[in-house]
Amino acid sequence: MSEAGNNQHTSITPEVDAVVVGAGFGGMYMAHLLRARRLTVQGFERGGGVGGTWYWNRYPGCRCDVESMEYSYQFSPELQQDWEWSERYSAQPEILAYAEHVAQRFDIESMFQFNTAVSGAAYEDEHHRWRVTTEQGDEVTARFVIMATGCLSTANMPDFEGVNEFSGATYHTGAWPHDGVDFSGKRVAVIGTGSSAIQSIPLIAQQAASLTVFQRTPNYSIPAQNRPIDQSMVADIKANYDNFRARNKLQQAAFGADYPRNMDSVLEATPEERQRRFEEHWNYGGFMFMGAFADLGLNPEANEYAAEFVRNKIRGIVQDPATAELLCPKTVIGCKRLCADTGYFETYNRDNVSLVDVSEHPIERLTPSGLVTNGNEYKFDAIVFATGFDAMTGTLLAMDIKGQGGRRLTDKWSAGPRTYLGLMTVGFPNLFMMTGPGSPSVLANMITGVEQHADYIDAMLAWAAEQGITEITPQQDAEDEWVEVVNMRSQATLYPSCNSWYLGANVPGKPRVFMPYIGFPDYVTRLDEIRAASYEGFATA
Ligand code: FAD
Ligand code: NAP
């Protein structure tokens with residue numbers, strides 16, 4: 001697909017069965033399924049092409065942290081067999097090429113209007129239809145609206161004083177220029193030390209004249225141990241891909257069935273065994289570090305062993321002791337999303353890299369030549385905001401969504417999101433969210449998550465058509481109970497113990513509510529039970 005070809009604003013279908021918003025992995029598959037059911041579909045995507053996350057996040061070093069053989073669609077056995085990944089963890093250009101390949105192979109682009117941002121959706125009670133409007137002036141009515149707008153698709157840009165005064169270049173990792181950025185000879189600042197920063201810092205440091213990292217909270221990162229993909233593993237998986245997928249779906253986060261994982265307690269291990277096991281998992285790489293023992297995510301005392309092991313690794317890698325100590329996280333490991341890196345901590349041994357702690361003295365303002373913290377001005381040619389996203393709710397609430405009686409979603413969710421199953425919310429009939437708050441979403445392999453949601457929504461719409469149902473909405477008690485279930489599941493873990501974006505804590509003023517449902521297999525089981533009980537908890541008309 002040529003992006004230039006997508007820049008024209010072509011005509012749209014004014015009355016359709018379904019509007020799909022977003023052409024990431026979720027929206028692409030959703031639109032594909034609905035068309036196969038012979039529903040008329042109008043898709044809208046604000047970007048110039050498909051791919052969602054992988055269209056927008058083009059910063060250096062961007063790659064997946066769920067292994068390539070798992071971070072891919074499973075709905076088409078032929079696609080699964082044909083596609084070849086080149087690395088254990090694919091880089092952004094390869095994942096985007098994959099999304100574009102899927103779009104072409106299944107003729108998905110023809111259903112979408114690109115460069116078109118949905119600005120609002122209003123439910124018309126008398127017709128049981130949604131009126132969807134775009135920033136470009138389109139208006140479409142539809143029986144169903146599916147928000148496939150992504151959990152990490154609205155950049156979090158700190159509202160620093162003087163943000164427009166800086167005369168150099170500014171970038172956000174989540175909206176990176178398509179032609180890349182040449183930092184050669186430049187004095188560069190990176191604000192943030194989350195996954196995006198940790199992936200991009202080593203590469204920016206290699207190019208820039210100098211790099212200064214502004215850190216508010218240090219993060220745990222495990223070496224990804226990325227490498228060319230192991231072809232014998234690929235052959236093994238492809239020989240029985242369905243079985244591999246099925247086993248992964250039984251994992252808490254829907255991936256990693258074949259990774260080393262132990263079921264015993266760190267508290268019962270000898271010091272030698274602890275060290276050996278952590279070392280083994282560190283060398284294995286990435287998320288599976290937390291599989292070294294069974295209780296690392298549940299018990300603070302157990303967690304501290306893993307945390308201290310990583311801190312000691314940092315102390316061993318980073319030569320300057322003061323910098324090493326600043327880089328050592330103090331929170332529970334795995335509370336914020338664990339990062340996977342390639343040479344992150346090593347980067348701080350370079351002469352052209354420095355670290356500034358802004359935990360006690362926040363960045364005060366930007367100036368024409370740089371930024372100020374703790375009364376000191378730092379001068380730069382470019383500033384990279386690796387400051388993350390208004391996750392899970394930010395994109396939905398940025399649209400003016402009005403449900404029954406004109407009630408706004410922003411009002412309903414003013415104290416935090418409320419959904420039934422992370423799929424629908426009371427008062428907004430026939431409006432579905434893919435990987436919405438209250439679903440496993442960001443705590444699972446997200447391609448598996450969006451496929452499961454798309455299949456479920458598709459089945460629900462087929463059932464509704466068979467039953468002659470025109471309106472579906474959750475029941476209030478079912479939604480209230482679900483909100484409680486999501487909350488209780490998080491309380492049983494260490495997740496609520498830190499200021500993570502899972503809780504909305506990264507965005508000033510955002511209600512502090514733990515948003516994802518923990519545990520993909522339980523979630524799928526519950527949804528299957530609900531389906532078997534004629535979609536229990538939903539009211540229909
Ligand atoms: P997205 O890919 O976010 O797509 C949503 C689309 O909706 C976007 O294209 C957006 O432009 C569009 N949109 C939003 N609002 C509007 C509007 N109002 N009008 C029109 N269009 C709109 N997950 C994993 O499981 N494993 C990983 O390794 C992994 N790595 C990641 C790396 C990065 C850098 C980031 C940011 C996220 C990563 N994720 C990962 C999460 C990732 O977001 C999901 O895996 C997946 O790509 C989400 O697909 P999606 O279709 O649900 O959403
Ligand atoms: P993030 O994890 O939210 O990190 C944002 C960083 O910016 C944090 O260090 C944050 O500090 C800092 N920050 C925010 N506002 C600031 C301010 N005003 N002043 C100083 N620092 C500020 O965002 P992200 O790195 O983009 O990652 C988001 C999610 O996307 C990840 O957790 C992951 O799910 C996904 N992702 C995955 C990969 C991958 O490896 N596949 C790569 C990138 C992203 P605090 O911690 O103090 O808030």
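**Figure 1. Aspartate 480 in helix H15 of the predicted model.** The model shown here and in the other views is predicted. Aspartate 480 is a residue of helix H15. Its relative accessible area is 35%, so aspartate 480 is partly exposed. The view also takes in arginine 418, which is 62 residues away along the chain. The C-alpha atoms of aspartate 480 and arginine 418 are separated by 7.7 Å.

**Figure 2. The disulfide between cysteine 335 and cysteine 498.** The count of disulfides in the model comes to 1. The bond joins cysteine 335 to cysteine 498, with an S to S distance of 2.1 Å. The angle about the S-S bond is -105°, and the link of cysteine 335 and cysteine 498 is left-handed. Cysteine 335 sits in the loop between helix H10 (321-327) and strand E11 (339-341), and cysteine 498 in the loop between helix H15 (476-491) and helix H16 (520-532), so the pair ties together parts that are 163 residues apart in sequence. Cysteine 335 counts as buried because its relative accessibility is 1%. Cysteine 498 counts as buried too, at 3% relative accessibility.

Figure 3. For cysteine 151, the closest cysteine sulfur is that of cysteine 62. The distance is 16 Å, again too far for a bond. Cysteine 151 is buried, with a relative accessible area of 5%.

**Figure 4. Helix H8 crossing helix H9.** Helix H8 covers residues 271-284 and helix H9 residues 300-317. Their axes come within 11 Å and cross at roughly 65°. At that angle H8 is roughly perpendicular to H9. The crossing of H8 and H9 is right-handed. H8 brings Arg274, Gln275, Phe278, Glu279 and Trp282 to the contact. On the H9 side are Tyr305, Ala306, Phe309, Val310, Lys313 and Ile317. By class, the contact of H8 with H9 has 7 nonpolar, 1 polar and 3 charged residues.

**Figure 5. Helix H1 packed on helix H14.** Helix H1 (residues 25-36) and helix H14 (residues 446-467) have axes 9 Å apart, at an angle of about 30°. H1 and H14 are therefore roughly parallel to each other. The crossing of H1 past H14 is right-handed. From H1, the contact is made by Phe25, Gly26, Tyr29, Met30, Leu33 and Leu34. H14 contributes Ile447, Val450, Glu451, Ala454, Asp455, Ile457, Asp458 and Leu461. The residues in the contact of H1 with H14 split into 10 nonpolar, 1 polar and 3 charged.

Figure 6. Glutamate 67 lies in the loop between helix H2 (53-56) and helix H3 (77-82). Is glutamate 67 buried or exposed? At 7% relative accessibility, glutamate 67 counts as buried. Apart from neighbours within four places in sequence, glutamate 67 is in contact with Arg88, Tyr89, Met233, Tyr259 and Tyr284.

**Figure 7. Leucine 326 in helix H10.** Helix H10 holds leucine 326. With 31% relative accessibility, leucine 326 counts as partly exposed. Which residues does leucine 326 contact, leaving aside its neighbours within four places in sequence? They are Gln215, Pro218, Leu355 and Asp357. Asparagine 115 is 211 residues from leucine 326 along the chain, and the C-alpha atoms of the two are separated by 42 Å.

Figure 8. Most residues other than glycine have a negative phi. Alanine 254 is not a glycine, yet has a positive phi of about 65°. Alanine 254 is placed in the loop between helix H7 (241-249) and H8. Its relative accessible area is 3%, so alanine 254 is buried. Threonine 435, also not a glycine, has a positive phi of about 50°. Threonine 435 falls in the loop between strand E18 (431-433) and H14. Threonine 435 is buried, with a relative accessible area of 6%.

Definitions and conventions. Residues are numbered from 1 along each chain as its sequence is written. Chains are lettered from A and ligands numbered from 1 in the order in which they are written. This is a predicted model: local features need pLDDT of at least 70, side-chain atom pairs count only at pLDDT 80 or more; totals for chains, interfaces and linings use all residues. Side-chain values use heavy atoms; hydrogens and water are left out. A disulfide is a pair of cysteine sulfur atoms within 2.5 Å. Helices (H or I, at least four residues) and strands (E, at least two) are DSSP runs, numbered from the N terminus. Buried means under 20% relative accessible area, exposed over 50%, partly exposed in between (1.4 Å probe, protein chains only). Axes are lines fitted to C-alpha atoms, for helices over the stretch in contact, and angles run from 0 to 180 degrees between N-to-C directions. Angles under 35 degrees count as roughly parallel, over 145 as roughly antiparallel, 65 to 115 as roughly perpendicular and the rest as oblique. A crossing is left-handed if the near helix is turned anticlockwise from the far one by less than a right angle, and right-handed if clockwise. Contact means heavy atoms within 4.5 Å. Ala, Val, Leu, Ile, Met, Phe, Trp, Tyr, Cys and Pro count as nonpolar, Asp, Glu, Lys and Arg as charged, and the others, Gly among them, as polar.
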